[in-house]
Amino acid sequence: MQRALLLENVHPTSVPILESAGYEVDYRKGALDEDELIAALDGVQLLGIRSKTEVTARVLSEATSLVGVGAFSIGTNQINLTAAANRGVAVFNAPFSNTRSVVELAIAEIISLTRRMTERDRALHDGVWDKSAEGSHEVRGRTLGIVGYGNIGSQLSVLAENLGMSVIFFDTAEKLALGNARRAETLDELLETADIVTLHVDGRSGNAGLFGEKQFARMKQGSIFLNLCRGFVVDVDSLAEHIRSGHLSGAAVDVFPAEPKKRGDAFESVLRGLPNVILTPHVGGSTEEAQEAIGQFVAKKLSDYVTTGSTMLSVNLPNLQLEHTGVGRIKLLHRNVPGVLATVNQIFADHGANIEGQMLATRGDVGYVVTDISDVTERGASKKLQALESTIRLRIRDAFERPEFPPGPAAR
């Protein structure tokens, strides 16, 4: 029986999907630290996590049976993607499943901050009737600046326009502007134009410290700031100073540079207690609808990978869309160096094997060749493929359901 380990209370809809693929599922609610994770992964082929468990290079080198990791989230910065690729471990995430949930939270916070609902709410809870229009505005006619125009940013753009807002966006990649949104040529142009600035960039290391004192100083007097993407992107001390000084009239933050490991843990931040500031505990995508969709999507990707070899939408391996063919399938992850395909096919030819179908894709330093063939494991070719200096990982699926091979010579 193959084994899967699911951590951090991922949605239980993922369990029957993995069980139907022939996996025994160990389902746990909490996150694990590095040593605990290494111990728990002994004999485990599939791992499912959210944002708190870190899959480091050390974890990947110790977990020799691991073949796939599912990040039940958008972000994958908690996983060493390069180390995973070098060990032949496929990583999948959920790039679309919770976009609507994040967008709806952003819209709710934009309206709440613009109307200063946080202060009205706090006053009434303190027993003070503070009925006033002072500092309260409609969002209609105001300009929303979106930094990062991907799946979330572009969907937010459409809803904001429907509320009567003007939209300006900045992205380092070429993006199609939706509706009446217009592209800013520079980040400074966006900051000097927008009444509300919201961040929706990804978790790549280059985005660390993207938004600090210089960027806050460029924002308009009385503007509003939102960060619902990554905690390490923003200098929260600078944000706090600009709130205290009155330069910014409000902020909403859902992600933080350091976050507690589990529900109920103490939370400390310089942003606590500041006026017209909404703090939420990394719940942008945490709706029941989104978590169910993520559970199904990521579990299905892991299931497809182990049953067919399909890597479509993997974030670290070459992408191949594969279906069942009813014959044996040899899946070889290898170093992307000249001559590998010729060597592989020569090995098959030397063993009298007839190739029924073959696909190849590359991504950076890694190549992925999938060959459909009958009885190849009985002919001895698999041992030669596994021994190639270029082999990262060899996986075979046939009528005998053979076990996974350990990482090959090129894995490091």
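Mentor: Start with a definition: two strands pair if DSSP finds at least two bridges between them. The model we apply this to is predicted.

Trainee: How many bridges join β9 to β10, and in which sense do the two strands run?

Mentor: Strands β9 and β10 run parallel and are joined by 4 bridges. Within that pairing, Thr 198 stands opposite Leu 226 in β10.

Trainee: What holds the strands of a sheet together in general?

Mentor: Backbone hydrogen bonds pair them, in either a parallel or an antiparallel arrangement. Here, the order β8-β7-β6-β9-β10-β11-β12 describes an open sheet of 7 strands with parallel pairing. Its edge strands are β8 (182-183) and β12, each of which pairs on one side only.

Trainee: How should I read the burial of a strand, and how many residues of β10 are buried?

Mentor: Buried stands for a relative accessible area under 20%. Strand β10 (residues 223-227) is mostly covered, with 5 of its 5 residues buried. Both of its faces are covered: Ser 223, Phe 225 and Asn 227 are buried on one side, and Ile 224 and Leu 226 on the other. For β7, 4 of its 5 residues are buried, and that strand too is mostly covered.

Trainee: Which strands does helix α7 lie across?

Mentor: Helix α7 (residues 151-162) lies across β6 (143-147), β7 and β9 (196-199). Relative to β6, the helix runs at about 175°.

Trainee: What is the strand order in the open sheet of 5 strands?

Mentor: The order is β2-β1-β3-β4-β5, again with parallel pairing. At its edges stand β2 (23-27) and β5 (90-92); each has a single partner strand, so one side of each has no neighbour in the sheet. From one strand to the next, the twist averages 15°. Strand β1 (residues 2-6) pairs with β2 in the parallel sense over 5 bridges, and Arg 3 has Glu 24 in β2 as its bridge partner.

Trainee: Turning to side chains, how many aromatic pairs are there?

Mentor: Ring pairs are judged by the distance between centres and the angle between planes, with planes over 60 degrees apart counting as edge-to-face. The count comes to 6 aromatic pairs. For Phe 256 and Phe 267, the ring centres are 4.9 Å apart and the planes are at 65°, so this pair is edge-to-face. Both residues are in the loop between β11 and β12, 11 residues apart. Phe 256 is buried at 10% relative accessible area, whereas Phe 267 is partly exposed at 25%. Ring pairs also link Phe 211, Phe 216 and Phe 225 into a cluster.

Trainee: Where does Arg 395 lie relative to the ring of Tyr 305?

Mentor: Arg 395 lies over the face of Tyr 305, 4.4 Å from the ring centre.

Trainee: Is Ser 269 buried or exposed, and why?

Mentor: Ser 269 counts as buried because its relative accessibility is 19%. The residue lies in the loop between β11 (248-253) and β12 (277-279). Its side chain reaches the backbone nitrogen of Leu 271 at 3.1 Å.

Trainee: What distance separates the C-alpha atoms of Glu 62 and Val 128?

Mentor: These C-alpha atoms are separated by 59 Å, for residues 66 apart along the chain. Glu 62 lies in helix α3 (residues 57-62) and is partly exposed, with a relative accessible area of 47%.

Terms used: Residues are numbered from 1 along each chain as its sequence is written. This is a predicted model: local features need pLDDT of at least 70, side-chain atom pairs count only at pLDDT 80 or more; totals for chains, interfaces and linings use all residues. Side-chain values use heavy atoms; hydrogens and water are left out. Buried means under 20% relative accessible area, exposed over 50%, partly exposed in between (1.4 Å probe, protein chains only). A polar contact is a pair of N or O atoms within 3.5 Å; within protein, one must be able to donate a hydrogen and the other to accept it, and residues adjacent in sequence count only if both atoms are side-chain atoms. Rings of Phe, Tyr and Trp (its six-membered ring) pair if their centres lie within 6.5 Å; planes under 30 degrees apart count as stacked, over 60 as edge-to-face and the rest as tilted. A charge sits over a ring if NZ of Lys or CZ of Arg is within 6 Å of the ring centre and within 35 degrees of the ring normal. Contact means heavy atoms within 4.5 Å. Axes are lines fitted to C-alpha atoms, for helices over the stretch in contact, and angles run from 0 to 180 degrees between N-to-C directions.
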